[in-house]
Protein chains: 2
Amino acid sequence: MDIGLVNFGTTLIDPHTGQTVSQRERFREVVDGAVLAEELGYDWYALGEHHFGEHDLISSPPVVLAAIAQRTSKIALATGTTLVANRDPVLVAEDYATVDLLSDGRLQIISGGSFFPEPYVVFDQDPARKAERKRENLELLMRLFSEESVTWQGEFRSPLTEVLVQPRLMQETPPVWVSGGSAPDSAELAVDLGLPMVFGTIARAPEDHVPTFRRYRDLWAERGRPPEAARTGAASHVFVAETSQEAKSLWRDYFANYFSRGKLPPGAPRRNVDFDEAIGPHGPAICGSPAEVVDKLGTLHELWGQDLHLMAIDIGGIPYAKVSRAMELVASDVIPQVANLGSDRKAAARA
Amino acid sequence: MDIGLVNFGTTLIDPHTGQTVSQRERFREVVDGAVLAEELGYDWYALGEHHFGEHDLISSPPVVLAAIAQRTSKIALATGTTLVANRDPVLVAEDYATVDLLSDGRLQIISGGSFFPEPYVVFDQDPARKAERKRENLELLMRLFSEESVTWQGEFRSPLTEVLVQPRLMQETPPVWVSGGSAPDSAELAVDLGLPMVFGTIARAPEDHVPTFRRYRDLWAERGRPPEAARTGAASHVFVAETSQEAKSLWRDYFANYFSRGKLPPGAPRRNVDFDEAIGPHGPAICGSPAEVVDKLGTLHELWGQDLHLMAIDIGGIPYAKVSRAMELVASDVIPQVANLGSDRKAAARA
């Protein structure tokens, strides 16, 4: 199982000091965090895309990923997610192909649509048609990445006639994943396009997502695609310290700070933000000693069989030194224990 | 007078070897060129924005500038131009504020609109309304950069209600210039907004631009703005070698290669691409020994009084070693001779 980090550049007050870092400093932390993640051996560094919010600073992931590309050489430069449903696929193709070239082919895009209403309002889009927008835009994006002369007609942008998007993606196979939740649309889209999926597993009980993973794999198999190619990813809020007690006592206030200041999409099921429940056996978050984190990741992997797990450690308001210490502990004491999860299954599937 | 370089990532066959560098390699040259430009003491490094063409690779200047930001610390990171007329100002504000933060406030935007028809076709825009699009979009961009809650209504995008664009520009004064040609619209726009201007001086006889510079300054003075604040920029194709003969013999084939393969906007006055005329006293290009380049820049400065001169040296198809050698010669033997041009006038105006 590959392990990555995901970061939205969330900028919150530190509940212990009352201080908030500047936007300049926050971007420095995001870029430095990527450099450290590569040194420590993480597989992915993913940036989320949020717009028009008080706290989340990353609205242009490809701009930040291009900066990170110059300070790293191996780690995958990812998004989690790119708002493909809300952006013009032509501009998405241009921006991300540029990142792929600037990073020697290290780009990974997780394509989604905004959970928050603001982008639909500002970009004059109907939120009720999110799934259709995501499908049309992603289908077009895949063609723009793969074909040098695209003639196309659709519903959500003006037609294209023999358009050559420049520059060209460096990777031969477009490095695109589909983000998905409990609704079936995204799994159908991913299977139609033969793409891997990342599921939004950060807000509900782990058991709730089992049918979601299963539906994707079943649909994939029904279409006769090779089962081992149905790659999946998941994500959690994660915090770790030397001991269980220390991790919990350090994280409790930051966690509460994050959930009291972060905003939820209207109509979304209110997340259970009771700390002890959230980090308990049926909660979505992971917090504890390295051994406890290994255990919970193992349990999640038994449930889901994911190939990639993205950890949100740097959620805002936590001093960078504490974030980087947690990153180091995960790298030294967790990644070696979970890196081989699933490799037997994959080897068997290939045999 | 500040000296900068401008680069479109143009990728052409080398007429002497028949080879074309890969897109990956071309982006590496663009980024390495910026690092070298900073080491050599250039003031600006500007990237042009072109879309859907066979040869020009930079469609997303902010993505490439963010990469350059991580490899440099002093040089201004500029565009020349950003197609403000053809892009959504909301996304422009997000992308470029991110670059400003990632570069510690080194951003400079020259705002223009596409000379080529493809962006109007692909983005479903009426090219006849380019000037109106540029005005509306630039006025909105300035507000999005300066105000934290923007309520706005216009013609070319949907209305905005109390929109906070994130992240926020680092520089207090938005570092925005207006690009202009012989039509009066852009000068009026720049004076209305109190912005400096860069004139497109690369295609016609230097004398032709004198009334254009004068009109901007006259309009500026008519409005009672302080004359010394009417900053202007210009641009030329430039090549230099140790001797006049060497410069001409080196550049002649590359220049012909560039003009035979580059494309002009339909309806544009056909440029005079006779090499000797182009580099002669009434031609727009500059080619020769360092002393000749100093002379011609001095003549242009007498005509125009520009505060900034952007040089297009790396025009495509020229091996990087020859480009960097020309950059070095300009830095060692030209910049010291022209850096003080205009400083007396400015000091007098301030006195």
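Analyst: Let's start with B:Glu242, which is partly exposed because its relative accessibility is 44%. This is a predicted model, so keep that in mind throughout. B:Glu242 makes a salt bridge with B:Arg325, and the closest N and O atoms sit 2.3 Å apart. B:Glu242 belongs to the loop between β9 and α8 (244-261) of chain B while B:Arg325 is in helix α11 (residues 320-338) of chain B, so the pair ties together parts that are 83 residues apart in sequence. B:Arg325 is partly exposed too, with a relative accessible area of 37%.

Strand β9 (residues 232-240) of chain B pairs with β11(B) in the parallel sense, over 5 bridges. One spot to look at is B:Gly233, which stands opposite B:Leu308 in β11(B). Strand β1 (residues 2-7) of chain B also runs parallel to β11(B), joined to that strand by 4 bridges. Here B:Leu5 has B:Met311 as its bridge partner.

How many residues of β11 (residues 308-312) of chain B are buried? The count is 5 of 5, so the strand is mostly covered because each of those residues falls under 20% relative accessible area. Both faces are involved: B:Leu308, B:Leu310 and B:Ala312 point one way, B:His309 and B:Met311 point the other way, and all are buried.

B:Ala312 counts as buried because its relative accessible area is 11%. Setting aside neighbours within four places in sequence, B:Ala312 is in contact with B:Val6, B:Ser236, B:His237 and B:Val238. The C-alpha atoms of B:Ala312 and B:Phe8 are 8.9 Å apart, although 304 residues separate the two along the chain.

Now hop over to chain A, where A:His309 is part of strand β12 (residues 308-312). A:His309 is buried, because its relative accessibility is 0%.

The largest nonpolar core has 226 residues, and A:Tyr42, A:Trp251, A:Ile313, B:Tyr42, B:Trp251 and B:Ile313 touch the most other members. Leaving out neighbours within four places in sequence, A:Ile313 is in contact with A:Leu5, A:Tyr42, A:Val238, A:Ile318, A:Val323, A:Ala326, A:Met327 and A:Val330. As background, nonpolar side chains tend to be buried together in soluble globular proteins.

What about a buried charge? A:Lys296, in helix α10 (residues 290-304) of chain A, is buried yet has no salt bridge. The nearest side chain of opposite charge, A:Glu207, is 8.4 Å away. Instead, look at the backbone oxygen of A:Gly280, which the side chain of A:Lys296 reaches at 2.6 Å. Among the other residues that A:Lys296 touches beyond four places in sequence are A:Ala278, A:Ile279, A:Pro281 and A:Ile286.

Back to pairs that do form, for comparison with our opening one. Across all chains, the whole structure has 36 salt bridges. B:Arg87 and B:Glu49 meet in one of them, at 2.8 Å from N to O. That pair links distant parts of the chain, 38 residues apart: B:Arg87 lies in the loop between β3 and α3 of chain B, and B:Glu49 in the loop between β2 (44-47) and α2 (61-69) of chain B. B:Arg87 is buried at 13% relative accessible area, and B:Glu49 is buried at 1%. In chain A, A:Glu132 forms a salt bridge with A:Arg129, with the closest N and O atoms 2.9 Å apart. A:Glu132 is partly exposed at 38%, as is A:Arg129 at 25%. There is also a network of salt bridges linking A:Arg135, A:Glu139, A:Asp192 and A:Arg223.

Finally, two bits of backbone in chain B. The peptide bond between B:Gly80 and B:Thr81 is cis, with omega about 5°, and B:Thr81 is in the loop between β3 (76-79) and α3 (89-102). Another cis bond joins B:Gln166 and B:Pro167, where omega is about -5°.

How values were computed: Residues numbered from 1 in each chain as written. Chains lettered and ligands numbered in written order. Predicted model: local features only at pLDDT ≥ 70, side-chain atom pairs only at ≥ 80, totals over all residues. Heavy atoms only, no water. Buried < 20%, exposed > 50% of the residue type's maximum accessible area, 1.4 Å probe, protein only. Helix = DSSP H or I, 4+ residues; strand = E, 2+ residues; numbered from the N terminus. Pairing = 2+ DSSP bridges. Lys, Arg positive; Asp, Glu negative; His and termini not counted. Salt bridge = Lys/Arg side-chain N within 4 Å of Asp/Glu carboxyl O. Polar contact = N/O pair within 3.5 Å; in protein donor to acceptor, adjacent residues only side chain to side chain. Contact = heavy atoms within 4.5 Å. Core = buried A, V, L, I, M, F, W, Y, C linked by side-chain atoms within 4.5 Å.
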